[in-house]
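Keep the viewer open and follow along.

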Amino acid sequence: MNDSWNKNGISKGRVVAFGVVAIGLFFVYLSHLFSLQIVDGYLYTVRSEQVKRRSTVIPAPRGEIFDRHHDIPIATNTNSFAVEVNPAMIPRGQHAEVFARTARLLGMSEDEIHRRVPSSMYQVYQQVEIRSAVPFETVVRLAEHPDRYVGVSWVGKPVRSYPEGAAMAHILGHVGDITPEELQVMFNLGYNARSVIGKSGIEQQYDLLLQGREGRAVRTVDARGRRVGDGNIQLVPPELGHNLVLTVDRRIQQLATDALGPRIGSVVVLRPNTGEILALVSYPSFDPNLLYGETAGAAFSQLRSDSRAPFLNRAIQGSYSPASTFKILLTAAAIEEQLISPDDTMVVGPVYRLGNRVVNEWRPSGFGRINIMQGLAMSSNVFFATVGHDLLGTERLLSYTLGFGFGTASGIDLPGERPGLVPSPEWKRRVFNSPWVGGDTVNVSIGQGFLSVTPLQLANMVAMIVNDGRLYRPHVLKEVRDAETDSVIKRVEPEVIHTFPLRPQTFEIVRRAMRGVIRGGTAEPVITTPAVEVAGKTGTAEVSSTTRDWHSWFAAYGPYQTDNPDDQVVVVVMVDAMNDWEWWAPKAANLIFHGIFTDSSFEETVADLRRRWRLWYM
Amino acid sequence: MRSRSIFAFDVYLSVATIGLLLIGILFVYSSGFNSTGQMITREYVRQIIWASTGLLLLVTVAFVEYSVVKPWVGYLYALGVLLIILTLLFGRVVNGARAWIGIGILGIQPSEFMKIATILAFAVFLEQAGGRIQRIPFLLLGSMLFLVPFGLILLQPDFGTAAVFFPVFLVMCFFAGAKIRHLAFIAGTAMLVLIFTMLPAWEIYIYGGRIPAFEVFSNVRLKIFVLMGIGAVCLVSVAGLMLLKRRYFYWIAYGTVIVGLALAVSLGTRAAIRDYQLMRLVVFMNPYVDPRGAGWNVIQSITAVGSGGISGKGFLQGTQSHFHFLPEQSTDFIFAIIAEEWGFLGALAVFSLFLLILVRGLYIATIAKDRFAGYVATGVVALFMTHFLVNVGMAIGLMPIAGIPLLFVSYGGSSMWTGLIGIGLLMSIYHHRYRY
């Protein structure tokens, strides 16, 4: 019996060795288990909680935007539909069939669905979006035949929509998916990778107000993503974005848009005693509805390749020579400095000569003996070259230019406003390394040369003339309202941002001179509206000395005199030299003034003026 | 003595086996529930049926004097091989492997029973080989008994099941007195093949950079070049051994042959290995390389185990399992449910029961009446050990995912019967340990 140890041929040493190794391995396993379950157990407890709790984002609807009437939104969210497939809900073996049917319904290729839902996903219980921006009728057909489209469902997906289309595009801007670069900058403000953000205009300027905060539905799911357990959905409701009410009047905006017509240029309409922007038009424009979703790619590439730069908001981002409109400022300066009185006259010949700088009078014979009122009314280049260079001098001319707000951005609540350029001797030395000469002063005097201004700045200048030197911050936002209760959260109060304290009678004289431009002056033939007394100034800026290409300006306000300053509006129209010359700026302004003060649309305005035989130019 | 021994069942093995079977049935039952408390499968009923029929099988095997089987071992082995070939031709594909054969819902996995047949056949071989197992030709000859089922099962393909044969072979040779350095050569080569196969993947997924030296594994021409270099070193040292009779030349040749052989074989395995198998090796190194794909099982399993804590979440209270985050939870990952619901203490219980079987099995091997019985006992112990270490190791992240069951516990008839026949053999050997 004892020899069974030897007989079975198994060495005791090897048994012991094997046993030691095996038991050693057991202990290695046990110690690993110990570290997993006891040392690091809490880590995995947390992780197991996380894995089975899945949160779904409930998007916060973006706030709507209204015009000043606060009735119909001009930027809203329409319910578009996205069609989704839940592969695990389609019975085994029927995927191809269901996909083929769905593809036919949605008018898309079968391959596209197969690409989005590969066969490796057929057991995954998860919604996969196969098509967005699906029309309502298609969804209805989907809903009518649930048996034919097993596992196919749809969700509402709010999409930004702009009922006014291109007319409001430069004010409202457009939205788009946040880019990684934008996210890096804006992450701390609460944005995330899913955010849809304003890319331009009001949408960009007030994005934080419009955004809201997305909500969350937290629920317990199993590994296939199915919701399990009931009653344990935790809801963090989304915070709605605020609604915005703008100062813009969509009727005036449409009127101004139509009045400018298909001409490259811009229009600014504002209330001088509050700074409220009533209309801000820039042509060419773009349709912001096309810039989000499936059409975005094509729309962007088309707009970017357009040499007329449709994204440029010319009213605040385009700067041009102000030309003769600048004579308003010289009039104010000369009167204020008492260099000339309204009754003083001077003989205006056909040409003003300073060294080799020659300023020609636009009427070849000159004007003979005229006073400053007639000089402005007739837009005499020689008269104002003399005033600017001989009477005011460089220093005073430039300080009045700055005093009326040129050369700095006015601070309108739209992104990308440009400051224009007011040249100076230092500036010229720095940039061109050449000294300031008399010719430069002459150029500024007649609104040419290096001087460039934005249409908005010109409108501000007119507003300061109307307001006796006070400039209210031009603004587009009127009120911020709560989306649910519609209560006003914030109202934008008029704010004087700049004052240029000239004597009141100076402004009075300038206003009279501007009225003179319409009554018996250069603009008389075109400012035909009987609805309002307009005061203003035309401008024709040379772009090149060789071709007949001129910018056409008209800067005006109306009514000329009033007891109720709330009635007054400033209108600045700028038509680019790229268009055929038709002296359109004052003509457009005439239509705009008539439309505003008869409270009628563009068509009604045209019809009304035609009936009165006052629309000879259309 | 014979009549007395009917009641002299080995208590330790009985307790351990029945304990594991009960735990298995409990957790197969647990894994059948989903999170809302609905029972979605009735696997536990089948498990009970298999356990009870398996126990009958165990008792039968235990009472049969093992030497009665000995003349039939060759036929058993041939039958096993035949069944595997039939399975390859006509079998059912389950989880990607053609490993099932049967009629209707009744089916078996011949590859499971083949483990027992191979152990028996190899024990016969070892008994007849005697001390000659120390010689390389005999070692190679014996290895053929393992290579046939190994190769056939690889064809199914079921890498996990095939791999089990490897340690069983080594352990049986070890106890039969084979030379350590021969076994180390085989084990070392196998390890190196595995390492060489996964190093390029390691370079891509884990290291994340490029290591110029690793060109050797992916560039075939370079590999052949390096192989020739290694061959040259080997030849020089063999020549040195013959001429100078210095011992260290032997070890240099030994080392170079291992490296060279592994490099050459890895040329083949890299071509043969499937992407999902490679990814299993990669996620074994770092599951977060592919957390929702190949790494999912490992991450979910480790999370389940780790969140169990000391005493677990309570029977039927596991979240990872009932929310069905754990795939294959009644078979390959049943240990994860046990560890989640019963915690470290439950895992310790499973460990103890297996350790008991291991120690008892080794003891039975030492007291076995003859060589055949001793070798069978060590083979069975090696089989149990391998299954335990691989399955539990996989659940706690110490082993790559191989998809082999935890014997006695995992859901499944073939593996359970295989395990219980193994216990039956141990008991039979214990039972018939005396000579008359």
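The notes below go from the overall picture to selected details of chain A and chain B.

## The model and chain A overall

Please keep in mind that this is a predicted model. Chain A has 618 residues, and buried residues make up 44% of them. Its secondary structure comprises 22 helices and 23 strands.

## Where the two chains meet

The contact between the chains draws 37 residues from chain A and 45 residues from chain B. On the chain B side, at least two residues come from each of helix 8 (159-175), helix 14 (296-308), helix 15 (319-322), helix 16 (334-367) and helix 17 (371-395). Helix 16 of chain B gives the most, with 11 residues.

What kinds of residues make up the side of chain B that touches chain A? Sorted by class, there are 25 nonpolar, 16 polar and four charged residues.

## Two helix pairs in chain B

Two packed helices are described by the angle between their axes and the distance between the axes. Take helix 9 (residues 180-207) and helix 13 (residues 275-285) of chain B: they pack at an angle of about 55 degrees, with their axes 10 Å apart. That angle is why helix 9 of chain B is called oblique to helix 13 of chain B. The crossing is right-handed. Helix 9 of chain B brings B:M198, B:A201, B:W202, B:Y205 and B:I206 to this contact, and helix 13 of chain B brings B:L278, B:L281, B:V282 and B:M285. By class, these are nine nonpolar residues, with no polar and no charged ones.

Helix 17 of chain B, listed above on the side that touches chain A, also packs with helix 6 (residues 110-129) of chain B, and here the axes come within 8 Å and cross at roughly 145 degrees. Helix 6 of chain B passes helix 17 of chain B in a right-handed crossing. Among the residues making this contact are B:K115, B:F122 and B:E127 of helix 6 of chain B, and B:R371, B:Y375 and B:G379 of helix 17 of chain B. The class count for this contact is 11 nonpolar, one polar and three charged residues.

## An open sheet in chain A

Back in chain A, five strands form an open sheet with antiparallel pairing, in the order 12-11-23-22-21. Strand 12 (277-283) and strand 21 (535-542) of chain A each have a single partner strand, so one side of each is left without a neighbour in the sheet. From one strand to the next, the twist averages 5 degrees.

Within this sheet, strand 22 (residues 550-558) and strand 23 (residues 569-575) of chain A pair over seven bridges in the antiparallel sense. Look for A:G558, which stands opposite A:V569 in strand 23 of chain A. Helix 11 (residues 250-260) of chain A packs on the sheet and touches strand 11 (265-270), strand 12 and strand 23 of chain A, with a direction about 30 degrees from that of strand 12 of chain A.

Strand 13 (residues 345-348) of chain A pairs with strand 16 (residues 368-371) of chain A in the antiparallel sense over four bridges. A:T345 has A:N371 of strand 16 of chain A as its bridge partner. The covered face of strand 13 of chain A carries A:M346 and A:V348, while A:T345 and A:V347 are on the uncovered one.

Helix 18 (residues 438-445) of chain A has six of its eight residues buried, and these are A:D440, A:T441, A:V442, A:N443, A:V444 and A:S445. The elements covering them include helix 14 (327-336), strand 14 (351-354), strand 15 (357-360), helix 16 (381-403) and helix 17 (425-432) of chain A. After helix 18 of chain A comes A:G447, with a positive phi near 70 degrees.

## One tryptophan to inspect

Is A:W584 of chain A buried or exposed? A:W584 counts as buried because it has 22 C-beta neighbours inside 10 Å. A:W584 lies in helix 21 (residues 584-597) of chain A. Beyond its neighbours within four places in sequence, A:W584 is in contact with A:R263, A:S552 and A:V575. A:V526 is 58 residues away from A:W584 in sequence, and the C-alpha to C-alpha distance between them is 9.3 Å.

Definitions and conventions:
Residues numbered from 1 in each chain as written. Chains lettered and ligands numbered in written order. Predicted model: local features only at pLDDT ≥ 70, side-chain atom pairs only at ≥ 80, totals over all residues. Buried ≥ 20, exposed ≤ 12 C-beta atoms within 10 Å, placed from the backbone. Contact = placed C-beta atoms within 7 Å. Nonpolar A, V, L, I, M, F, W, Y, C, P; charged D, E, K, R; others polar. Pairing = 2+ DSSP bridges. Axes fitted to C-alpha atoms, helices over the stretch in contact; angles between N-to-C directions. Parallel < 35°, antiparallel > 145°, perpendicular 65-115°, else oblique. Left-handed = near helix turned anticlockwise from the far one by under 90°.
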